[in-house]
Amino acid sequence: MKFSKKTGLWIVVACSLSLAAPAASLAARRIPPNPETAKQNGGDYWRGKKIYGEICFSCHGVKGDGKGPIWRTVMPRPQVFISPYMKRMTDDYMFSVVKFGKMNVLKNRTKGHNVINGVPTAMPSFGEALEDAQIRKLVKWVRSFGKSEQPKDAQSRKIFADACSQCHGKKGLGDGTRPVEDQDPEKPFISHIQPPPMNYHLKEQMARFDDGFLFWNIKLGRIEVTELKKYDFMKSYGHLLNDKDIWSVVRYVREAFINGKPRKKK
Ligand code: HEC
Ligand code: HEC
């Protein structure tokens, strides 16, 4: 199927979207971005700090910079907690990632725990709608966000505007209309879609993917390419930590790294 068959593209996009994030239910069930969730769920900062120092630091680093002692052996690189990207994740999502592991969250294998409306949302696939050459050009287009000049490529511009920008945003900031129907302009952007669509301007995030990965990511979608490339992702810790422990470590990560306000002493 070619892009010129515009309807074809739209059918695929519409199917992926209706599976991934039905617009009506997103609008109806408002989930406010709520940094207080960990507090409400009994998360304790100091308990979280202790657990972080035992388990999480080895990958994510003492400073939350994603460079703990074993970060190089893990692919993709451990999430950088001090990156602005993290502001867009809800506590609920982070809880689920720690409890079930990210791959299971992406596949919505979360044993009844609701992750943002219980809707599994990841990058949809476009292999049916776009030709390989178009996808290769799109990869270049995506990489050019954040650079001063974008290539003169009318086709990619159009495909991006039609098929990608509702999630990734017109400028590739990950702030498209789809995830942010009820965004409070005062608050930092938080996506209903978890994980949030990639912000192409974040160099440290984008540098982790080679063009091949990006190509297959667009062609097959997130989960399939991750499995294909045998990426590990975040493992689950639900067997080691009880829910209170997990909320505690989420609270610690939120306060100390994401908000950048570590507490001085107990
Ligand atoms: C073996 C290495 C490793 C350990 C140990 C580890 N993580 Fe992770 N973590 C990762 C990787 C890899 C990712 C995924 C990065 C990505 O998606 O780009 C990740 C992602 C995350 C995320 C963000 C989810 C997302 O979508 O990126 C959170 C929150 C998180 N980890 C919390 C923790 C906490 C809390 C602990 C300790 C209980 C922990 N991690 C221990 C490797 C690790
Ligand atoms: C339904 C929303 C949605 C649409 C539409 C969408 N994406 Fe994505 N995209 C995502 C999400 C969510 C992620 C982040 C996945 C993650 O972190 O696990 C992502 C990630 C990416 C990445 C970065 C690689 C990665 O694994 O994070 C690229 C490249 C990308 N998308 C390109 C595109 C292109 C090109 C289009 C249009 C042809 C498109 N996307 C359409 C939601 C979407």
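Around ligand 1 there are 21 residues, a residue being counted as near a molecule if its C-beta atom, placed from the backbone, lies within 6 Å of it, and the closest of them are C56, C59, Q79, M94 and M234. The elements that contribute two or more residues to this shell are α4 (45–60), α5 (91–100) and α12 (243–258), where helices are DSSP runs of H or I with at least four residues, strands are runs of E with at least two, and both are numbered from the N terminus. The largest share, five residues, is that of α4. This is a predicted model, in which local features need pLDDT of at least 70 and side-chain atom pairs count only at pLDDT 80 or more, while totals for chains, interfaces and linings use all residues. Residues are numbered from 1 along each chain as its sequence is written, and chains are lettered from A and ligands numbered from 1 in the order in which they are written.

By class, the shell around ligand 1 holds 15 nonpolar, three polar and three charged residues; here Ala, Val, Leu, Ile, Met, Phe, Trp, Tyr, Cys and Pro count as nonpolar, Asp, Glu, Lys and Arg as charged, and the others, Gly among them, as polar. Ligand 1 lies between domain 1 (1–30 + 109–233) and domain 2 (34–101 + 235–266), because both give residues to its shell; the domain bounds come from an automatic or database domain assignment.

One of the helices at ligand 1, α5, is mostly covered, with nine of its 10 residues buried, that is, with 20 or more other C-beta atoms within 10 Å of their own, whereas exposed means 12 or fewer and partly exposed lies in between. The cover over the buried residues of α5 includes α3 (37–40), α6 (102–106) and α12. After α5 comes G101, whose phi is positive, near 90°.

Ligand 2 is surrounded by 24 residues, the closest being M123, C164, C167, P195 and M198. Two or more residues each come from α1 (6–20), α7 (132–144), α8 (154–168) and α10 (211–220), and the largest share, five residues, comes from α8. This shell comprises 18 nonpolar, four polar and two charged residues.

Within helix α7 lies V142, which counts as buried because it has 22 C-beta neighbours inside 10 Å. Apart from its neighbours within four places in sequence, V142 is in contact with G172, Y200 and L214, contact meaning that the C-beta atoms of two residues, placed from the backbone, lie within 7 Å. The C-alpha atoms of V142 and Y200 are separated by 6.7 Å, although these residues are 58 residues apart along the chain.
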